[in-house]
Each structure stands twice: as C-alpha cells, then as structure tokens.
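Dear colleague,

Please find the structure below, handed over for your review. My notes on it follow directly after.

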Amino acid sequence: MRLPKIITSLISLSIVSYAFAGAPSTKNEWITLGTMAGPIPNAAHSQPANALLVNGKTYLVDAGDGTAGQLAKAGLNIKKVDAIFLSHLHFDHTGGLPAILSLRWQTETKSELTIYGPPGTKQTVDGIFAYMTYGTLGHYGVPGQEAAPPNRNVKVVEIVDGSVLDFDGFKLSVIRNTHYSWPKDSEEYNKFQALSFKFELPDYSVVYTGDTGPSEAVELLSQNVDLLITEMMDVEHTVNLVKRMNPMMPPKALGHMKQHLSKHHLVPSDVGQLATKAKVKKLVVTHMAPGLVEPDEYEHYTNEVAEFYKGDITIANDLDRFLLHR
C-alpha cells in the first residue's frame, strides 16, 4: 500500500531530523536559542538560553522556559548536553531546567550532566529533584518497576567571582556583575550573585554578560574579545508592558521593579558604550525586552546602539547561529 505523499514526506523529515539531532556538530558555534527577557511570555521568542558548541560537545548557557523545544529546533540532542552554565537564578534563566532534567530522566540518559552556577544553584536543583520525586516513583505505573532516583547522573558545581575552569577546547572565566546591588556588608551580598562568563577558545573569545547593569568588571572581562553576547532592555517600554498586564500591581512592588530594571540592566546606550570601551570585534544583543517582530523595530534599536558603537551589531533572533572563528 502506497502512503499519501504528505505522510511519506513527514516520515522522511522525521528521520532526517532525528539523525541530525543525534549527530555532533563539527563547527564551533554559539546559538541564541531564546532571546526574550521575562517575565511576560511571548509567542515569537523563547526565554533566555544559548547553546555553545565546541569540539563536538554541547553546552547550555542559561536555560529559560522553552529551552528543550529550542534545542530540538536547533537540531541538538538533549541527551548530548554535557554541561549547563547558569549566569544567575532568576526564573526566566532557569525555567527550562526542570524540563531538561525530567526529559533526561525519562529517556534514561546515562551520560553525566554538570550544572555550574552561582551560590544557590544546588538548592535550586535539589528543589527540581524534589518536584520530580513523585513522578519518578509512579513512573509508568507498571507493577515491579524499579525507578531510578531523580538526580541520576547529575551533579552541581557552584562557581563565584574569580572562578576559572578548563574544558575540552575552552577555558571559562567567571566574574560577578551588577545585576544585584546588595550592600557588600550584607548577608544577601554573598547569598545572591549574578555572573558573567568569558569563554576562551584557542583562536576565539566570547563574553556572555548574562543580566547586568553597567559594570567595570564586565568591561574588563570583555576587553578585545571577538564576540560580546550582551543583554539589552527598553526599560520604559517594559515597565509600561508590565503595568498593562498588572494594572493592580502595588505601588511599592512597581517601584522595586522600576529600580531593578533601571539599575540592573543595560539600555541601548549602555550596550554601545560597553562594546566601544572594551573594543570588541562583534556585538550580539539578546535578552531583548520588548520582544521584537517587525524589521523597523530591529532597525530602531540597532541604530540606538550604533550611536555609541561603530562595529558589527546583530540583534539576535531565536535560533541564530554564530560561527566561532576568525
């Protein structure tokens, strides 16, 4: 019996997609899996997440809501992720982590996954394992089954300002940025940290700011890098959007949000000045709020950055790919 053409086409596509997802990439690449900041979900953009491909291995840099699906769209196998680097523990950067850990468990992934992140990462991941416990015990509901523990083949390494780690094909340097403004003599200063990362390949360098306000430490980390991946926000637009979504938001909470967005994030002029002072060769903007759709929106924000930085500027879309070579 001959199958309808549309069905045979879908089968062929599935086979190709499966083969592609299982095949390691031979290129060193950075993929912006999700490019829109939280907390408002967006139909066109997933939340902040990136894939770093080096020497045929896959690493995640942040894991916002929707990361698992974005990995599949990029042709990457979730079972092949070697490590996850979390810049900080805000939910728009970690919301996809429960799905990743749960899907690894469901597919009986045997390889080890290491999650690197700031203080609090172990508590966060342990909380995800606690959430998984009931589902893993029930599993498929078959009598006599023996369920593996939720934390199978997963470990956590907490990193801080000044941490330096060596991986296959790159070195990771970590600094603390200004996404929080706790007083240095407070308990919160050490408890809550936001990090920026520098990935040094043999012939290429990348800095990922994560979420940060203007920061001399980030500027120093970014000096002369080949590629700067930076967050950016339109603060006024974002505040107005949140107010429309939450018209009864208490004034005190709204004030705290405004303070956070204005002090702990980068606006277009900040991004341009950072790239110029650091003398970076290429600039990629992600974590954008609002989510951009129309070409004139991309042009508008690109022009705002270009007033301060005359180099190569890209405001990234979900699933954009950047080769890491000169």
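In these notes a residue is called buried under 20% relative accessible area, exposed over 50%, and partly exposed in between (1.4 Å probe, protein chains only). This is a predicted model, in which local features need pLDDT of at least 70 and side-chain atom pairs count only at pLDDT 80 or more, while totals for chains, interfaces and linings use all residues. Residues are numbered from 1 along each chain as its sequence is written, and side-chain values use heavy atoms, with hydrogens and water left out. Helices (H or I, at least four residues) and strands (E, at least two) are DSSP runs, numbered from the N terminus.

Salt bridges

A salt bridge here is a side-chain nitrogen of Lys or Arg within 4 Å of a carboxyl oxygen of Asp or Glu. Eight salt bridges are found in a search of the whole structure. Three of them are described here, beginning with the pair formed by glutamate 112 and lysine 155, with an N to O distance of 4.0 Å. Because glutamate 112 lies in the loop between helix 4 (97–106) and strand 5 (113–117) and lysine 155 in strand 6 (residues 154–158), this pair ties together parts that are 43 residues apart in sequence. Glutamate 112 is partly exposed at 48% relative accessible area, and lysine 155 is partly exposed at 38%.

Lysine 171 pairs with glutamate 200, and their closest N and O atoms are 3.6 Å apart. Distant parts of the chain are linked by this pair, since lysine 171 belongs to strand 8 (residues 170–176) and glutamate 200 to strand 9 (residues 195–201), 29 residues apart. Lysine 171 is partly exposed, with 31% relative accessibility; glutamate 200 is likewise partly exposed, with a relative accessible area of 27%.

In the salt bridge between aspartate 312 and lysine 282, the closest N and O atoms are 3.2 Å apart. This pair also links distant parts of the chain, with aspartate 312 in strand 13 (residues 312–315) and lysine 282 in strand 12 (residues 282–289), 30 residues apart. Aspartate 312 is partly exposed at 39%, whereas lysine 282 is buried at 17%.

Backbone geometry

Most residues other than glycine have a negative phi, and most peptide bonds are trans. A cis peptide bond joins glycine 38 to proline 39, with omega about 5 degrees; proline 39 lies in the loop between strand 1 (29–34) and strand 2 (49–54). Another cis peptide bond, with omega about 10 degrees, joins alanine 289 to proline 290, and proline 290 is in the loop between strand 12 and helix 11 (295–306).

Histidine 287 is not a glycine, yet its phi is positive, near 55 degrees. Histidine 287 lies in strand 12 and is buried, with a relative accessible area of 3%.

Helix 10 and the residue after it

The buried residues in helix 10 are Pro268, Val271, Gly272, Leu274, Ala275 and Ala278. Seen down the helix axis, they fall within an arc of 160 degrees, so they line one face of helix 10; the arc is that of the directions from the helix axis to the C-beta atoms. These buried residues pack against helix 7 (216–221), strand 11 (227–233), strand 12 and helix 11, where contact means heavy atoms within 4.5 Å. Helix 10 is followed by lysine 279, which has a positive phi near 55 degrees. Lysine 279 is found in the loop between helix 10 (268–278) and strand 12, and is exposed at 52% relative accessibility.

With kind regards
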